[in-house]
Amino acid sequence: MARTKRSRRSYGAGEWGRNRVRVFPDPKTGLFQVEWRENGRRLTRSLGHRDWARAKRQADEFAAGFAAPDLNGKAEAEPEPLTLEMLFDIYGEEVTPTKRRKSWQRDRAAMAMFLKFFGRDRRPETLSQRDWDRFIRERRAGKVGPSGKPVGNRMIEADLTFLMAVLNWAARSRDEHGRLLLDRNPLKGLRKPVEKNPTRVVLTEEEYQALLGVSRGLDWRFHAALVLAHETGHRIGAVRNLLWSDVDFEGETVRWRAQHEKTGYEHTTPLTEEALAALEEARAMSDGIADAPVLPATRNPSECVGFPQTRFWWKRAERLAGLEPKRGRGWHSLRRKFASDLMDLPLKVLCELGGWKAAKTVLRCYQQPDEAQLRQAIRSRRRARG
């Protein structure tokens, strides 16, 4: 069940000792509450909604004597029409906080973009094919979005995937009176643009060896991160958040915690000799305490190194190794190399080693045969004897 994001905001109206009224969100449900005093007693009552502007207006009316204490009477029986801004507010309070922290900013940016494009007062159920096509056209031309620059199909697909997720969620969720937020998703069934030729670079063995050759001179933590990412096939986000308590030197395994995995899948994988050697070297350079990070941050060793630092190391190592800049060649190219190097393994085993939940993801996005493999495959083709 989604947890509601706690909010400390409140609004007061009236004068202290006379007609003071305060509205605030309930920390459990997110519904706004009104609070006032009557004969020295503090009383509260639910307003039955999450509309901040409406709650403040009700507080002003209550303080001025325009509204009776019974705020759920006939005057409030008819709910206000759901707008796109109201829907995004509810989704942002109930669903966004349950996602990974990195996804919060994406959700906020997408909400702001769609509100500016469609309008804050736009009714979600009125969205149609024309709106869908217009957004794709103008987003691709750079007329929509924070950067003001043209974007490709992959970015547009991500934007529309978020919008569809919000509308699908609203079509399954009910308000406090049992009414669906949306009767249906008005955009259901519409096709999102797909990138025909996505850039998915696989780091070559020569490039890896070149980076490995300069890694120790750059920073011991970069060397450890590079070897671990190469030998385990895991994302740099999971690697840089490892704690020493996750590493079992005797069993030669490492635990990947769910909160740092994109798929939320906690699992344990064996370590190669190269990975164990890199970890031993890292332990000698740090405290090696159970709850301490394997790759500590520079300024605060009690915290794990951040992604900006690992990105800086990668770019710096490319220059030191004499590698020409290539778009798409980053930490994730190591993950593709891992999947391609182990192409002969059963997909079930490979998924378990790399932390993939779906084999189709490996086939579609990660495994890429090289020219030598293609040539060997065509040479091994059986031909009918005439």
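The largest cavity in this predicted model holds about 40 Å³ of space. A search of the whole structure finds one cavity of 30 Å³ or more. Seven names make up the lining list, and these can be set out by class. Ala238, Leu242 and Trp256 line the cavity and count as nonpolar. Asn241 and His260 also line the cavity; both count as polar. Asp246 and Arg257 complete the lining as its charged residues.

Helix packing was examined next. Helix 3 spans residues 101–118, and helix 5 spans residues 153–172. Their axes come within 10 Å. The axes cross at roughly 85 degrees. Angles of 65 to 115 degrees count as roughly perpendicular, so helix 3 is roughly perpendicular to helix 5. On the helix 3 side, the contact involves Asp107, Ala110, Met111, Met113, Phe114 and Phe118. These residues meet Asp159, Phe162 and Leu163 in helix 5. By class, the contact has seven nonpolar residues, two charged residues and no polar ones. Asp107 in helix 3 and Asp159 in helix 5 are the charged residues.

A single residue was then considered. Ser215 belongs to helix 6, which covers residues 205–218. Its relative accessibility is 0%. Buried means under 20%, so Ser215 counts as buried. Leaving aside residues up to four places away in sequence, Ser215 touches Phe222, His223 and Leu226.

Technical notes: Residues numbered from 1 in each chain as written. Predicted model: local features only at pLDDT ≥ 70, side-chain atom pairs only at ≥ 80, totals over all residues. Heavy atoms only, no water. Helix = DSSP H or I, 4+ residues; strand = E, 2+ residues; numbered from the N terminus. Buried < 20%, exposed > 50% of the residue type's maximum accessible area, 1.4 Å probe, protein only. Contact = heavy atoms within 4.5 Å. Axes fitted to C-alpha atoms, helices over the stretch in contact; angles between N-to-C directions. Parallel < 35°, antiparallel > 145°, perpendicular 65-115°, else oblique. 1 Å grid on protein atoms, 1.4 Å probe; cavity = no way out; pocket = protein on both sides within 12 Å on 5 of 7 lines; lining within 4 Å. Points joined across faces, edges and corners; volume = space filled by probe spheres on them.
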